[in-house]
Amino acid sequence: MRPSHSSLSPEAMALVSASRLSRRTLVRGAMATGALATAGGLLTACGTEGTAQSADSCVSEDTSATDKKLAFSNWPQYLDVDEKDESKHPTLISFQESAGIQVTYTEDVNDNDEFFGKVQNQLSGCQPTDRDIFVLTDWMAARLIRLGWLQKLNKANLPNVQANLLRSLRARPFDKNDEYAVPWQSGLTGIAYNGSVTGEVRTIDELLTRADLKGKVTFLTEMRDTMGLMLLSSGHDPSNFTEAQFDDSLEKLKRGVSSGQIRKFTGNDYTSELTKGDIAACVAWSGDVIQLSAENDKIKFVAPDSGLMLWSDNMLVPNKAAHKANAEKLIDYYYDPSVAAELAAYVNYICPVQGAQEKITEIDPELAENPLIFPDDATLNKTKVFMALDEAQERSYSTKFQQAIGA
């Protein structure tokens, strides 16, 4: 039986090798030195999104029946590799052999905004991107859906997805009918603390008010992570909130800044400070904490009493992708629990596929017990996905947040 307590034991957290660089950590680390500039740059990007399209204005032709290939763009370190030859991806090789479809796999998604810049002109002008699938985070997927730059998926071609997608990842605010985005991997945003320098921290309010934590706390520069937890701690729903509720939660955050309780806002760089004890507690990403705790069992991840934020990186099929049906075969393939288990055993993020936990016991029984890869229902029931924003909301909320954190 899996642990049900949301504060994870050192044994559970140490199950994953610290030597394996996670995709999320890699990206966050690369962004950390320019985190505020990147976040601020979002405002510019929002103002120049480009021409919206629709199924009528941008018609895509599918040549999958006669052209057995597809192009797949993903983040670095986000697919299983052969330990003897890291240029080979066993699950992808198996797909190509079983489906008879040749896959060109490229790790060229290094940042959501950066990738948006790569494909913006083509998608805005209803031109091919030369990609049939790319993987982007929830908020960017929401933007592309809003712009009409994605093809609607044929659910008849996705029986594994229909059967095995976790309930907590269905009908998300930005894709309520599950028509455009299929989660590749997911993760949690919650609290981390260093037990060598402080006692257990269970709430966002403790981060903001506990005297022994003053000046030893960091929050994230990512608006949706920080404000999602702030909304929850204020009794609001991050998946469905009003401007007044956002402002109410932001005022609470501002008090933490003005009082000196919050030391600073960070990207991934909180990890080194937490490990050294320079900060005592912080808002953190689950994938980072898996690795940190493998090196230091005093580092703990906690699901705040008010709830967690759940994010996903999603498989998307862009307009003018010429191999949509082939892409759907690959998407569905990764929702076979046996395949999903093999992938999860390598990447170590939350597996979005029901039934994979049972299959992973055949690969590594201990991994099946890791609650940051397979959270229990009680934990998942405490998660929220941030509300989908329109362009005006995104600009307004981002501006307010950046001003509050001093960016």
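Modeller: The count comes to 22 salt bridges, taking a salt bridge as a side-chain nitrogen of Lys or Arg within 4 Å of a carboxyl oxygen of Asp or Glu. Bear in mind that this is a predicted model, where local features need pLDDT of at least 70, side-chain atom pairs count only at pLDDT 80 or more, and totals for chains, interfaces and linings use all residues. Residues are numbered from 1 along each chain as its sequence is written, and side-chain values use heavy atoms, with hydrogens and water left out.

Let's start with arginine 172 and aspartate 138, whose side chains form a salt bridge at 3.1 Å, N to O. Arginine 172 sits in the loop between helix 7 (159-164) and strand 4 (182-194), while aspartate 138 belongs to helix 6 (residues 138-147), so this pair ties together parts 34 residues apart in sequence. Helices (H or I, at least four residues) and strands (E, at least two) are DSSP runs, numbered from the N terminus. Both arginine 172 and aspartate 138 are buried; buried means under 20% relative accessible area, exposed over 50%, and partly exposed in between (1.4 Å probe, protein chains only).

Next, aspartate 247 pairs up with lysine 400, their closest N and O atoms being 2.9 Å apart. Aspartate 247 is in helix 10 (residues 243-258) and lysine 400 in helix 17 (residues 391-405), so here the tied parts are 153 residues apart in sequence. Aspartate 247 is partly exposed, at 27% relative accessible area.

Finally, salt bridges with shared partners join Asp113, Arg143, Arg146, Arg224 and Glu394 into one network.
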